[in-house]
Amino acid sequence: MGSSEESNRKKVLIYSGMLKLVNKSGVGQAVRHQKQALEQVGVPFTMDKNDHYDVVHLNTIFPDSLFMSKRAKRKGKKVIYHAHSTMEDFRNSFIGSNLFAPLFKRWITHCYNSGDIIITPTDYAKDLLKSYGLKPPIISLSNGIDSNFFKKTIEARERFRKKYQLSKDQKVVISVGHYIKRKGILDFIELAKRLPEYEFFWFGYTNLNMIQPKIRKAIKHPPANLHFPGYVSRSEIRDAYCGSDLFLFLTYEETEGIVLLEALAAQIPVLIRDIPIYSNFKDGEVLYKAESIEQFHEKIIKIVEGKLPDLTENGHRIAKERDLKVIGKRLKEIYQ
């Protein structure tokens, strides 16, 4: 590569700050994706705020990120603010979240307005943010997926089955997320109770002191066929996708849902709640949708027992369109 071309490349600071507080969330995964995407397209980046940089890319809404945004502006640097959070997906999360939702909206509006450009994962999230009256231009860009890492393999399926002592023919339904109402965990528990012939696994963890008493009690006293392995490694999650028979995503609100992309990449059948963000997915084309507990109950049985068409090839195509190399090329354009 010629020296003139190298000198024209913008160096990006992916600001970490207090990222460790959300490292096990979708935001933490999004940051890991950004680093991987930039590596794939040759964009130089640093995680050291004291290093030289031309563009700062912010992913959290903690006070230190707002301070970093203003500091970068004073130095004449370009500020990209990645809007992973909205008031809508803050609601029905942790204890007190509904009470503080309006204040949360005011705070994130202040943070996002400090950027030169706002990136958010979907057109749905973009429309929500536009309604907040934000001043910078807003670009919708998927958080992306490492489609090769989540590729379905027989070995991954066997590892999952062996670890959890599941027979070859045992039917398994999984989900991934925090123990919060918005993620649909109470519905997941109810469906596990209604379908004792299947094994249900919920991967992910939230401090029990932060969640509603009803959810805490339900997690502590699950039916025999419902398992909570907690927070596991990325490799173990991949094995779980490959080793199960259905990914059940009961979320009520998302800005994107990285785990949904992971499941599609792993070519596992997917059943989701029919909510506005996924209106571009038609029921029965890429995945299946339901609204009520009764509909979920009925479709789970039909999908797991092979009584509905296999859509996994279509889902895999959607995941490939959001591969990290594609995302990296778009980020490279935005940084310029």
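**Helix packing and pockets**

Tutor: Helices α3 and α5 are roughly parallel to each other, where angles under 35 degrees count as roughly parallel, over 145 as roughly antiparallel, 65 to 115 as roughly perpendicular and the rest as oblique. Helices (H or I, at least four residues) and strands (E, at least two) are DSSP runs, numbered from the N terminus. This is a predicted model, in which local features need pLDDT of at least 70, side-chain atom pairs count only at pLDDT 80 or more, and totals for chains, interfaces and linings use all residues. Residues are numbered from 1 along each chain as its sequence is written, and side-chain values use heavy atoms, with hydrogens and water left out.

Student: At what angle do α3 and α5 cross?
Tutor: Helix α3 (residues 63-74) and helix α5 (residues 97-113) cross at roughly 25°, and their axes come within 9 Å. Axes are lines fitted to C-alpha atoms, for helices over the stretch in contact, and angles run from 0 to 180 degrees between N-to-C directions.

Student: And which residues make that contact?
Tutor: Pro 63, Leu 66 and Lys 70 of α3 meet Trp 107, His 110 and Cys 111 of α5, contact meaning heavy atoms within 4.5 Å. By class, four are nonpolar, one is polar and one is charged. Here Ala, Val, Leu, Ile, Met, Phe, Trp, Tyr, Cys and Pro count as nonpolar, Asp, Glu, Lys and Arg as charged, and the others, Gly among them, as polar.

Student: What about α8 and α12, are they parallel or oblique?
Tutor: α8 and α12 are oblique to each other. Helix α8 (residues 185-194) packs on helix α12 (residues 293-304) at an angle of about 55°, with the axes 11 Å apart.

Student: Which residues are involved there?
Tutor: On α8 they are Asp 187, Glu 190, Leu 191 and Arg 194, and on α12 they are Ile 293, Glu 294, Phe 296, His 297 and Ile 300. This contact of α8 with α12 has four nonpolar, one polar and four charged residues.

Student: How do α11 and α13 pack?
Tutor: The axes of α11 and helix α13 (residues 312-321) come within 7 Å and cross at roughly 125°, so α11 and α13 are oblique to each other. Leu 261, Leu 264 and Ala 265 in α11 meet Gly 315, His 316, Ile 318 and Ala 319 in α13. Five of the residues in the contact of α11 with α13 are nonpolar, two are polar and none is charged.

Student: Changing topic, what volume does the largest pocket have?
Tutor: The largest pocket has a volume of about 1400 Å³. Of its 46 lining residues, Lys 24, Ser 25, Gly 26, Val 27 and His 178 are the closest to its centre. On a 1 Å grid over the protein atoms alone, a cavity is a set of points where a 1.4 Å probe fits but cannot get out, and a pocket is an open set with protein on both sides within 12 Å along at least five of seven lines; lining residues have an atom within 4 Å of a point. Grid points are joined across faces, edges and corners, and a volume is the space filled by probe spheres set on the points.

Student: Which helix gives the most to that lining?
Tutor: α2 gives the most to the lining of the largest pocket, with four residues. The lining of the largest pocket has 19 nonpolar, 17 polar and ten charged residues.
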